[in-house]
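Me: I would like to learn how to read a protein model. Could you walk me through one, feature by feature?

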Amino acid sequence: MGRDTIADIITSLRNADMNRKGTVRIPSTNLTENIVKILLREGFIENVRKHQENKKSFLVLTLRHKRNRKGSYTYRTIFNLKRISRPGLRIYSNYKRIPRILGGMGILILSTSRGIMTDREARLEGIGGEILCYIW
């Protein structure tokens, strides 16, 4: 794990999804917990558990997979993630210029003065912030 925790989360989720893993373990911080809450609320992941090991906290995420008609699970990529703002280049937007992902089908995660939120919530509250990542 590097210094960019958001990129580490995105990479872990993408790799687990491509390798057809059912669960992912990521370090627990306030930022990661807020992002995972958004992913759980929007339906991109199925379940979250907090796990502690040697005084370190981890979040164990259960990924969502689609079922085919016969009832068995098919392992195909459910979501795509893209990191936008990074430590070397921060990208900010006001609420009027927040982009829509796939015409509103995807979500955009923002870091605002009122916490981590999705693009829809930021537009409703009329606040902008740093664009962290796209998920579709």
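This is a predicted model: local features need pLDDT of at least 70, side-chain atom pairs count only at pLDDT 80 or more; totals for chains, interfaces and linings use all residues.

Me: Is Val36 buried or exposed?

Reply: Burial is read from relative accessible area: under 20% is buried, over 50% is exposed, and in between is partly exposed (1.4 Å probe, protein chains only). Val36 has a relative accessible area of 3%, so this residue is buried.

Me: Which residues is Val36 in contact with, leaving aside its neighbours within four places in sequence?

Reply: Contact means heavy atoms within 4.5 Å. By that rule, Val36 is in contact with Ile26, Ile45, Val48, Leu59 and Leu61, once neighbours within four places in sequence are left aside. Take Val48: it lies 12 residues from Val36 along the chain, and their C-alpha atoms are separated by 7.9 Å.

Me: Now the helices. How do α1 and α2 pack?

Reply: Two packed helices are described by the angle between their axes and the distance between the axes. Axes are lines fitted to C-alpha atoms, for helices over the stretch in contact, and angles run from 0 to 180 degrees between N-to-C directions. Here, helix α1 (residues 5–18) and helix α2 (residues 30–42) pack at an angle of about 40 degrees, with axes 10 Å apart. The two helices are therefore oblique to each other; angles under 35 degrees count as roughly parallel, over 145 as roughly antiparallel, 65 to 115 as roughly perpendicular and the rest as oblique.

Me: Which residues make the contact between α1 and α2?

Reply: On the α1 side they are Thr5, Ile6, Ile9 and Leu13, and on the α2 side Leu31, Thr32, Ile35 and Leu39. These divide into 6 nonpolar, 2 polar and no charged. In this count, Ala, Val, Leu, Ile, Met, Phe, Trp, Tyr, Cys and Pro are nonpolar, Asp, Glu, Lys and Arg are charged, and the others, Gly among them, are polar.

Me: What order do the strands of the open sheet follow?

Reply: Strands of a sheet pair through backbone hydrogen bonds, either parallel or antiparallel. Two strands count as paired if DSSP finds at least two bridges between them. In this open sheet, 3 strands follow the order β1-β3-β2 with antiparallel pairing. Its edge strands, each pairing on one side only, are β1 (23–27) and β2 (45–53). From one strand to the next the twist averages 25 degrees. Strand β3 (residues 56–63) is joined to β2 by 8 bridges, and Lys50 stands opposite Leu59 in β3.

Me: Where do the two helices lie on these strands?

Reply: Helix α1 lies across β1 and β3, at about 165 degrees to β1. Helix α2 lies across β1, β2 and β3, at about 155 degrees to β2.

Me: How many residues of β10 are buried?

Reply: Strand β10 (residues 129–135) has 7 of its 7 residues buried. Its antiparallel pairings include 3 bridges with strand β6 (residues 81–83), where Leu81 stands opposite Ile135. Strand β7 (residues 92–93) pairs with β10 over 2 bridges, and Tyr92 stands opposite Glu130. Strand β8 (residues 107–112) is joined to β10 by 5 bridges; Ile109 has Cys133 as its bridge partner.

Me: Finally, how much of the whole protein counts as buried?

Reply: Of its 136 residues, 40% count as buried. The protein has 3 helices and 10 strands.

Methods:
Residues are numbered from 1 along each chain as its sequence is written. Side-chain values use heavy atoms; hydrogens and water are left out. Helices (H or I, at least four residues) and strands (E, at least two) are DSSP runs, numbered from the N terminus.
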